[in-house]
Amino acid sequence: MSSSEDEQAITVRRLGDEDRDEVVRLAQRDSRPVPEGELLGAESLGRLRAVVSLTTGAAVADPFARTEEIMELLRSRLAHLRRRTRTHHGMDARPVSGQWS
């Protein structure tokens with residue numbers, strides 16, 4: 001893999017309390033409220049670029065970066081996780097969520 005390809009790598013992961021400050025900064029840059037509940041984030045070039053709530057579907061993204069494809073990736077992952085949750089726990093099951101105030 002070339003260095004330019006490596007710089008383009010996107011990491012998608014569940015976010016935790018240790019990510020709170022970065023999520024708040026991202027929401028402020030996007031002029032949106034911090035999404036509530038359990039969060040899924042995408043990082044590129046070592047920075048958090050986009051976040052989507054597994055609970056509500058609300059999202060924030062870096063307005064100063066090209067995040068259209070990143071958001072598409074996050075929404076695809078969100079849909080997959082929701083389908084998997086319904087399959088394992090019945091049609092009305094939702095992911096466990098916490099809230100950041």
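## Strands S3 and S4

S3 and S4 run antiparallel and are joined by 3 bridges. Within this pairing, Val52 stands opposite Ala59 in S4. The two strands form a hairpin with 5 residues between them, where Gly57 takes a positive phi near 85°. S3 is mostly covered, since 6 of its 7 residues are buried. The model described here is a predicted one.

## The protein as a whole

The protein has 3 helices and 4 strands. Along the sequence they follow the pattern α-β-α-β-β-β-α. Of the 101 residues in the protein, 37% are buried. The protein exposes about 6700 Å², and carbon and sulfur atoms supply 46% of that area.

Contacts can also be sorted by separation along the sequence. Among the contacts in the protein with a separation of 6 or more, 59% are between residues 24 or more positions apart.

## The sheet

The 4 strands form an open sheet in the order S1-S2-S3-S4, with antiparallel pairing. Strand S1 (10-14) and S4 stand at the edges with a single partner strand each, so one side of each has no neighbour in the sheet. Neighbouring strands of this sheet are turned by 20° against each other on average, direction ignored. Strands of a sheet pair through backbone hydrogen bonds, and the pairing is either parallel or antiparallel.

S1 and S2 run antiparallel and are joined by 5 bridges. In this pairing, Thr11 has Glu43 in S2 as its bridge partner. S2 and S3 pair in the antiparallel sense over 6 bridges, and Leu39 has Ser53 in S3 as its bridge partner. A hairpin with 2 residues between the strands is formed by S2 and S3, and Leu45 in its turn has a positive phi of about 55°.

## Helix H2 against the sheet

Helix H2 lies across S2, S3 and S4 and runs at about 85° to S3. Which residues of H2 are buried? They are Val23, Val24, Leu26 and Ala27. These residues cover an arc of only 160° around the axis, which puts them on the same side of H2. An α-helix has 3.6 residues a turn, so residues three or four places apart point the same way.

The cover over the buried residues of H2 includes S2, strand S3 (47-53) and strand S4 (59-61). On the other side of H2, Asp21 and Gln28 are exposed.

Ser31 follows H2 and has a positive phi, near 55°. Asp30 has its place in the loop between helix H2 (20-29) and strand S2 (39-44).

Is Asp30 buried or exposed? Asp30 has a relative accessible area of 19%, and buried means under 20%, so Asp30 counts as buried. Leaving aside residues up to four places away in sequence, Asp30 touches Ala59, Val60, Ala61 and Pro63. Among these, Ala59 is the residue that Val52 stands opposite in S4.

Note on methods. Residues are numbered from 1 along each chain as its sequence is written. This is a predicted model: local features need pLDDT of at least 70, side-chain atom pairs count only at pLDDT 80 or more; totals for chains, interfaces and linings use all residues. Side-chain values use heavy atoms; hydrogens and water are left out. Buried means under 20% relative accessible area, exposed over 50%, partly exposed in between (1.4 Å probe, protein chains only). Contact means heavy atoms within 4.5 Å. Accessible areas come from the Shrake-Rupley method with a 1.4 Å probe; for residues, only the protein chains shown count as cover. The arc is that of the directions from the helix axis to the C-beta atoms. Two strands pair if DSSP finds at least two bridges between them. Axes are lines fitted to C-alpha atoms, for helices over the stretch in contact, and angles run from 0 to 180 degrees between N-to-C directions.
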